[in-house]
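This report covers salt bridges and strand pairing in one protein model. The sequence and structure come first, followed by the description.

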Amino acid sequence: MLFIVAGLCFATSCEEKKSEPVLSQEAIVAMIDEAAEKKAAKMEKKRKAQQLREEAEEAEEDARVAREEAAAAREEAAAAREEARRARAEANNVRTQPRVRATANIPGARRAHVIREGGYTNARSGPGVGYSIMNKVKDGSPILYTGNLGYAWVEVYTLDGRYLGYMSSNKVIPEQ
C-alpha cells in the first residue's frame, strides 16, 4: 500500500509540473538578460574591490615611504642639533684673546719655549700670581719673551707677535 501512496504522490507532482505554463521566448531572453546584468554587476563589484585593494596597497607604500623620509629628516635634524651644540660648546670654550701688540717688531724679544711640566703654564695680566690668568700656554710651546730671565716675571708673546701676558721666568727656557 505504501507503494500506491508513493506512486500517487509522484503522479500528482508530475501532473503539477505538466500543468505549469511553458515560458515564451521573450521571457527566456528577459531571464537571460537579468542573469547577465547580475553577473555584470557582480563582476563590476569584484573589479572595484580589486581597484580599492590596489589603491590601499599604494597608500600603504606611500605611507611607508613617508615614514622613512620622516625618520631620515629626524636623523638629519638630530645631527644638525648635535653639530650646533658642539659649535656652541666650542665657542663657549674658546678664550677671548687679548689685543695683539705690534707684531712686526717687538723690541728686545728673544725666542724661548715653555718648560714641560704639567700640561700648560698660565700667562697672567700682570707680574705676579695675584693677577688674573689671561691665557694658558701649552708646555713645550715656542714663544717670544721680553725682559730679563733673572727677574721673577717676563712678558711673553706667540711667535707671530700676539701678546700672551706675564709668565714666571722659571718656566721659560731661552733657545741658544
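Two strands count as paired if DSSP finds at least two bridges between them. Strands (E, at least two residues) and helices (H or I, at least four) are DSSP runs, numbered from the N terminus. The model is predicted: local features need pLDDT of at least 70, side-chain atom pairs count only at pLDDT 80 or more, and totals for chains, interfaces and linings use all residues. Residues are numbered from 1 along each chain as its sequence is written, and side-chain values use heavy atoms, with hydrogens and water left out.

**Strands around S5**

In the hairpin of S5 and S6, five residues lie between the strands, and Gly161 has a positive phi near 100°. Strand S6 covers residues 163–168 and runs antiparallel to S5, with five bridges joining the two. Across this pairing, Glu155 stands opposite Tyr166 of S6.

S5 (residues 153–157) also pairs with strand S4 (residues 142–146). That pairing is antiparallel and has three bridges. Leu144 has Tyr157 in S5 as its bridge partner. The hairpin of S4 and S5 has six residues between the strands, and Gly147 there adopts a positive phi near 110°.

How much of S5 is covered? Four of the five residues of S5 are buried, where buried means under 20% relative accessible area, exposed means over 50%, and partly exposed lies in between (1.4 Å probe, protein chains only).

**Salt bridges**

Side chains of opposite charge can pair when their charged atoms come close. A salt bridge here is a side-chain nitrogen of Lys or Arg within 4 Å of a carboxyl oxygen of Asp or Glu. The structure contains seven of them, including those in the table.

| Pair | N to O distance |
|---|---|
| Lys38 and Glu34 | 3.6 Å |
| Arg86 and Glu82 | 3.2 Å |
| Glu175 and Arg111 | 3.2 Å |

Glu175 is partly exposed at 38% relative accessible area, and Arg111 is partly exposed at 42%.

Lys38 and Glu34 both belong to helix H2 (residues 25–93), four residues apart, about one turn of the helix. Lys38 is exposed at 56%, while Glu34 is partly exposed at 44%.

Arg86 and Glu82 are also in helix H2, four residues and about one helical turn apart. Arg86 is exposed at 54%, and Glu82 is partly exposed at 27%.

A network of salt bridges links Glu61, Arg64 and Glu68.
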